[in-house]
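Work through these exercises with the sequence and the 3D view side by side. Try each task before you read its solution.

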Amino acid sequence: MSIVFQKTPVLTDTHFSYCPGCTHGIIHRLVAEVIQEMDIANSTIGVAPVGCAVLAYTFFNLDMIQSPHGRAPAVATGIKRALPDGFVFTYQGDGDLAAIGTAETVHAAARGENITVIFVNNAIYGMTGGQMAPTTLPGQVTQTTPYGRNPSSAGYPVMVSEMLSTLEGTAYCERVSVDCVKNIRKAKESIRKAFETQKAKKGFSLVEILSTCPTNWGLSPTESLDWLRENMMPQYPLGVFKDKGGEV
Amino acid sequence: MSEKVLMKGNEAVAEGAIRSGCRHFFGYPITPQNELAAYMSKRMPKENGVFLQAESEIAAINMVLGAAATGVRAMTSSSSPGIALKSEGLSYLAGCDLPAVLVNVQRGGPGLGGIQPGQADYFIATQGSGHGDFRMIVLAPGGVQEMFDHAVLAFYLADRYRMTVMILSDGILGQMMEPVTFGNTVSDAPEKPWALGINRKREKNIVSSLFLDPYALEAQNFRRFERYAEVEANEARFEGFMLDDAEIVVVAYGASARVARNSIAEARSQGIKAGMLRPITLWPFPKEACLSAAKTAKAFISVEMSMGQMVKDIELAVRCGCPVLLCNRVGGVVPEPAQVLDCIRKAADL
């Protein structure tokens with residue numbers, strides 16, 4: 001009997017703590033598979049955020065550290081400067097990365113810090129129960145925007161990939177989605193490119209991944225995928241925003 | 001032969017760190033500690049070390065968190081307003097049981113305060129450095145030589161107890177110049193099997209302060225405080241100056257202790273049996289030494305550049321055995337020897 005499919009050993013057997021239908025699980029697997037396929041698992045260190053992925057250190061079969069809220073790029077900087085031959089990645093949500101941790105994110109990119117950031121954008125604070133995130137869409141109803149996000153008082157979505165692509169230190173930056181098989185494949189290639197960018201010591205790499213939050217969006221998993229396509233994609237266009245290794 | 005160099009306190013503590021094997025410094029500009037970071041920026045490249053000017057105090061302490069998690073000797077420095085910003089990181093360092101060294105070159109507060117020397121961060125250093133139950137070892141250098149020596153001591157203690165060690169300096173000690181002998185050698189860092197690493201051939205390591213099970217978190221806290229009890233039992237340090245027969249015991253650290261030393265000598269020449277107990281560790285506070293001095297003392301005087309912070313530890317230590325007076329100046333004003341002498345004479349007349 002031949003084995004046709006196997007779970008990557010870069011993920012542990014621990015049960016995911018994510019809600020049913022949430023796409024965090026897919027993203028975890030993509031990151032883990034890339035690390036396995038690049039054969040860098042023994043030298044990769046991950047930084048878990050505060051947010052839904054706070055327990056990422058239990059899911060990845062890697063040396064991991066749990067960071068203060070938003071500080072993952074600073075923690076990753078400390079690790080990378082101490083172990084420049086290692087691979088260091090952070091795994092962060094939108095509140096962690098684009099609100100409380102904006103400064104750490106922007107300056108890690110500005111320094112061209114040779115780390116990889118996996119940025120999960122689901123337009124909401126998941127773990128705390130569905131509050132407005134910096135990436136919440138105009139009009140989107142959340143626990144703290146019960147009448148819909150009103151830009152006149154609550155501001156506009158933060159376009160992380162567009163913003164960071166303007167910085168010289170950003171070597172690779174792409175926005176992808178995990179709403180369908182085709183896009184999941186593209187997302188994996190993007191994650192691989194980000195780690196290859198780090199391997200080539202080119203600088204800061206970030207993959208922004210549009211993700212769902214069925215629980216806090218109040219939708220079924222499949223409705224959530226439709227909602228992502230219909231509402232998030234027009235606001236957050238997919239594509240490569242910076243690639244110092246390629247032609248862009 | 002040991003070298004002897006004239007240098008500023010801020011430079012001496014930096015040199016001490018480098019000679020302790022510290023090769024990772026993360027800082028942010030703030031007066032009056034700037035010479036420290038400037039010195040590091042000059043020296044680190046020559047030692048193949050890392051000097052990184054972070055975007056904020058918060059980022060700097062979190063870079064220390066990341067670097068310390070890999071087992072290297074890492075350090076940051078700041079002054080009072082910046083220390084408040086580091087509180088979050090200090091709590092995480094403690095929650096992860098990571099060794100790290102932090103220098104606070106204190107200035108007057110609260111708020112933006114001023115840039116002249118102060119000692120009003122005693123509480124934030126020794127009592128409430130951040131959220132949750134934790135302690136830091138707090139060293140109080142008394143001169144430029146000790147700025148160097150305490151850096152060496154700090155890295156040793158940090159590794160020994162897996163704690164953050166704060167060197168609680170002030171604007172005077174940081175800025176003044178004195179001759180320094182680079183006498184002490186680097187202490188060997190212990191094995192750090194818990195550290196994050198690369199080229200691994202072992203099970204994964206996790207560095208985390210998160211324990212969602214309250215019983216596990218409670219046990220973690222109890223275990224940590226057993227270690228703290230060991231520190232309290234073994235590491236309290238002080239210097240006695242004319243202390244053996246002292247009836248008036250002045251307790252002072254840092255710049256205040258330098259002022260008080262003159263006042264005590266003058267009081268002795270006037271026939272008053274004054275002496276000084278200079279804490280070298282503020283946490284653990286030299287409680288036993290205070291209690292022992294209280295047996296023969298008529299009164300204690302806390303000389304400090306705060307509205308009365310260390311005085312609380314003295315009161316607790318002497319257990320109402322004798323009166324404890326406060327002799328203070330604040331806001332960047334330094335007590336004068338005459339003021340301290342006046343306070344000693346008043347105490348003698350009690």
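**Exercise 1.** In what order do the strands of the open sheet of eight strands lie?

*Solution.* First, know the ground rules. This is a predicted model: local features need pLDDT of at least 70, side-chain atom pairs count only at pLDDT 80 or more, and totals for chains, interfaces and linings use all residues. Residues are numbered from 1 along each chain as its sequence is written, while chains are lettered from A and ligands numbered from 1 in the order in which they are written.

Next, the terms. Helices (H or I, at least four residues) and strands (E, at least two) are DSSP runs, numbered from the N terminus. Two strands pair if DSSP finds at least two bridges between them.

Now read off the order: 7(A)-5(A)-6(A)-4(A)-3(A)-1(A)-2(A)-9(B). The pairing is mixed. Finish with the edges. Strand 7 (239-243) of chain A and strand 9 of chain B each pair on one side only.

**Exercise 2.** Find how strand 9 of chain B joins the sheet.

*Solution.* Go to strand 2 (residues 63-66) of chain A. Two bridges link this strand to strand 9 of chain B, and the two run parallel. Then pick out a pair: Met64(A) has Ile206(B) as its bridge partner.

**Exercise 3.** Describe the pairing of strand 5 and strand 6 of chain A.

*Solution.* Locate strand 5 at residues 170-177 and strand 6 at residues 204-210. They pair in the parallel sense over seven bridges. Check one position: Ser205(A), in strand 6 of chain A, stands opposite Tyr172(A).

**Exercise 4.** Which element of chain B gives the largest share of the side that touches chain A?

*Solution.* Start with the contacts (C-beta atoms, placed from the backbone, within 7 Å). They involve 33 residues of chain B and 27 residues of chain A. Several elements of chain B supply at least two residues each, among them strand 2 (24-27), helix 3 (57-69) and helix 5 (87-95). Helix 3 of chain B gives the largest share, nine residues.

**Exercise 5.** Judge the overall build of chain A from its radius of gyration.

*Solution.* Count the elements: ten helices and seven strands. Take the radius of gyration over C-alpha atoms; the globule rule is 2.2 Å times the number of residues to the power 0.38. For 248 residues, a compact globule would have a value near 18 Å; chain A has 17 Å, which agrees. Last, note the spans of the C-alpha trace along its principal axes: about 50 × 50 × 35 Å.

Note on methods: Contact = placed C-beta atoms within 7 Å.
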